[in-house]
Amino acid sequence: MAGLAYSLGKREINQHFTIKNAKLISLVVVLLLLVFHTALRYYGGGDSCEWLLSRGRYLGENVWQPYGCMMHKYKSIEARTCLADKRVAFVGDSRIRQLFYSFIKTIDPERREDGNKHKDISFGVESSSLNVDFLWHPEANNSMKERLISWTREASEKPDVIILGAATWSIKLHSGSSETLQQYKVNLTAIVVHLEKLADPGEVYWVLQDPVNEEVLSDNRKMITNQQLELYNHAAVDVLNASKRNGRSRVKLFGAARQAAMETIARSDDGLHLPESTRNVGAMVLMNSICNKVLRPIDGSCCQTLPPPNLLQKLSACFFLGSALFFLVLHVLGYNRHRRPAPSDVESLEEKKPATAAPGPKAPFQALCRMGVIMAYFYLCDRADVFMKEQKFYTHSTFFIPLVYVFVLGVFYSENSKETKVLNREQTDEWKGWMQLVILIYHISGASAFIPVYMHVRVLVAAYLFQTGYGHFSFFWLKGDFGLYRICQVLFRLNFLVLVLCVVMDRPYQFYYFVPLVTFWFVVIYGTLAVWPQILQKKANSSGIWHLGVLAKLLGLLVFICVFAFSQGFFEGTFSVWPFSTLFELDGSVHEWWFRWKLDRFAVIHGMLFAFIYLVLQKHQVLSEVKAEALFSSKISNLLLLFSVISFITYSIWASSCKTKTECNKMHPYVSVVQILSFILIRNIPGYARSIYSSFFAWFGKISLELFICQYHIWLAADTKGILVLIPGNPSLNIMISTFIFVCVAHEISLITNDLAQVVIPKDGVTLLKRLGATGLLTLAVLLLTRGGQPPRSA
């Protein structure tokens with residue numbers, strides 16, 4: 001009875017919740033979110049500088065998250081670069097002095113708080129002509145005003161940045177009298193006039209008063225209550241708002257540190273001065289406000305203006321708009337829609353079935369029109385100031401709880417497999433699917449900070465490359481299809497989305513590192529097997545000596561890998577030659593490509609060798625792949641299962657004992673195959689395990705490539721450094737909504753890629769060569785355009 005209810009439940013879900021309905025819902029949701037965020041910014045204040053300075057929350061201990069934007073953690077060299085040739089002045093009481101010290105410790109971490117408490121303090125960096133001063137003015141009075149007036153008169157002495165605030169001494173010296181508060185307003189009104197002048201073109205910040213812990217205040221500070229501080233804060237806000245010109249004051253209110261202090265003031269030693277961690281939050285907020293617009297860090301979206309679209313981005317927009325126009329014209333002329341074929345997997349052994357009807361002239365323009373709409377969404381998410389972004393923060397619960405949910409769903413959608421062969425199509429799709437989902441959770445949770453999780457995810461990436469070697473070797477060995485059409489189909493499927501994103505999102509090809517990696521290894525696999533003599537299964541069946549020929553090729557490939565792996569200079573010199581440097585360089589260096597390539601350099605050859613051994617054993621009927629039967633004899637199966645489980649556990653223990661990523665990464669290329677083979681044996685030796693698969697994971701496995709690439713810009717944000725925020729103030733709902741849209745977009749791009757592949761890559765050899773020639777000329781023109789006409793660089 002329970003089994004029947006389980007089956008009916010799945011059928012009911014699948015009947016009403018189709019992918020077509022899901023995409024329509026996601027489109028409506030995106031439109032509503034665009035309207036919501038546009039209205040929010042227009043009516044609710046859409047300035048990320050204001051968000052940074054005024055609102056935020058703690059993600060965890062000492063990790064501050066501004067509302068709606070990302071805060072970069074500045075290092076010493078970055079701070080010195082940003083503040084070079086600048087004068088920064090902190091004016092106020094002991095709390096401002098604390099903020100001053102936290103600020104200069106960002107510039108010089110070795111600096112100690114050794115200045116006189118009630119006197120001016122200076123700090124400078126001669127090499128960059130940087131000066132940061134603290135000026136002791138504990139009250140907002142004539143003394144402070146005279147200092148500001150002197151700066152307005154002497155332009156050479158005027159600071160570029162001024163941070164000031166005061167109130168506690170006024171409360172303390174006059175016992176919190178109402179007359180003193182009124183005088184504070186009068187004084188501040190007179191001071192603001194000069195602050196407005198100094199804020200043009202400089203930057204001026206008025207620091208709102210932090211709360212106190214009244215219980216531990218000394219007797220001579222008991223009158224400094226939170227109620228009094230709030231009165232003074234309200235007075236400062238009223239005065240600054242009254243000074244607004246054109247609805248906005250040039251003097252910026254700095255209240256983020258106050259909000260952070262509300263949660264940490266209980267840890268204050270004297271009840272008045274903030275803990276060091278909270279002061280550091282204030283200093284980093286200031287650093288982001290001052291420097292983000294100068295250095296433009298990718299993970300510092302707060303207070304950062306976005307650059308205008310470049311020439312290629314404008315041309316791509318025109319191209320998609322032109323495609324939409326052609327589509328509308330053809331639609332008006334009454335061309336019929338073509339029938340869409342099912343998506344294919346270029347690494348499977350199954351050929352794509354031909355479409356029942358050839359695509360008409362309307363088909364490519366329709367696909368490009370859909371692609372243009374999707375690319376507009378990509379641009380709005382990660383290159384326009386429309387949606388919000390937040391930084392990641394890892395906790396064990398943010399990684400492991402979603403992991404449990406996903407695997408429960410995977411088990412719920414278990415199905416009987418049509419095949420029972422080792423690594424059959426349904427099983428490899430399932431494998432890709434759950435690995436991709438784990439990697440996505442890993443990325444959004446920031447789990448790379450936890451080394452055991454990091455090392456297991458490294459194995460999953462190696463397993464993808466293992467499947468690349470396994471799938472392509474099996475195809476070429478069994479089919480013997482080394483034709484140009486096959487190569488172009490695979491390369492187009494792998495690279496279409498990434499190449500479009502490189503143009504639309506203004507990112508280098510190597511930025512999407514996994515696609516260059518699998519593309520490179522596909523070319524290597526093809527070259528290894530296509531070079532004379534081409535050894536196929538049919539040829540090997542006629543004479544066993546050909547098996548030695550395959551092993552010789554694999555040995556040659558291993559030598560090729562080792563030569564590159566043990567000579568970094570040779571590797572970097574090879575891939576730094578133009579035009580290859582365009583594909584493999586990131587920020588002017590191939591170091592990232594070297595790191596990624598070296599980390600999993602043996603995974604592909606392991607997959608090829610496994611495919612060769614498996615197919616030979618299968619041909620000689622050594623394996624028992626009948627449904628519900630073990631792969632080997634009972635004794636051998638039990639031994640292999642025991643060995644696999646022990647190996648699996650041993651690897652996990654080793655990964656958990658690693659102290660640094662560098663230490664683990666050195667061993668990873670040699671030991672990752674043990675974990676991969678252990679999984680394959682555990683999954684395939686028992687007959688009942690080969691007889692079932694998860695349709696839930698398999699569905700995601702068919703679009704795993706699109707999921708991996710799309711996450712960069714429409715699920716994560718700031719090029720994977722942060723998280724896209726569509727629903728502010730509700731992280732759980734935000735993840736659900738953004739994930740729903742993200743999956744729908746990835747699936748649609750998969751279909752678009754297959755639609756365009758039919759048109760762009762014809763089976764006719766002559767036509768295909770002509771198109772490749774035209775594509776080559778266009779690519780060369782784009783490369784020359786992006787190089788700015790510089791001569792090719794030699795090795």
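Here's a short tour, from the whole protein down to single residues.

**Before you click.** This is a predicted model, so local features need pLDDT of at least 70 and side-chain atom pairs count only at pLDDT 80 or more, while totals for chains, interfaces and linings use all residues. Residues are numbered from 1 along each chain as its sequence is written, and side-chain values use heavy atoms, with hydrogens and water left out.

**Stop 1: the whole thing.** Show everything as cartoon. You'll be looking at 31 helices and 13 strands; these are DSSP runs (helices H or I, at least four residues; strands E, at least two), numbered from the N terminus. The C-alpha trace spans about 105 × 65 × 65 Å along its principal axes. Of the 795 residues, 52% are buried. Buried means under 20% relative accessible area, exposed means over 50%, and partly exposed is in between, with a 1.4 Å probe and protein chains only.

**Stop 2: the cores.** Select Met375, Phe378, Trp431 and Trp597: they have the most contacts inside the largest nonpolar core, which has 147 residues. Such a core is a set of buried Ala, Val, Leu, Ile, Met, Phe, Trp, Tyr and Cys residues joined through side-chain atoms within 4.5 Å. Now colour helix H16 (residues 451–479), which gives this core the most, with 18 residues. For a second, separate core of 45 residues, pick Cys49, Leu83, Phe134 and Ile290, which are included in it.

Back to Trp597. What does Trp597 touch, not counting residues up to four places away in sequence? Its partners include Leu517, Trp521 and Phe571, where contact means heavy atoms within 4.5 Å.

**Stop 3: Ser694.** Jump to strand S11 (residues 692–694), where Ser694 is found. Ser694 is buried, with a relative accessible area of 4%. Leaving aside neighbours within four places in sequence, Ser694 is in contact with Gly410, Tyr413, Ser414 and Glu430. Zoom in on its side chain: a polar atom there lies 2.8 Å from the backbone oxygen of Gly410, and a polar atom of that side chain also lies 3.2 Å from the backbone nitrogen of Phe697. Then try Ser657, 37 residues away along the chain: its C-alpha is 32 Å from that of Ser694.

Stop 4: Finish with Leu609, found in helix H24. Is Leu609 buried or partly exposed? Leu609 is partly exposed, with a relative accessible area of 34%.

Terms used: A polar contact is a pair of N or O atoms within 3.5 Å; within protein, one must be able to donate a hydrogen and the other to accept it, and residues adjacent in sequence count only if both atoms are side-chain atoms.
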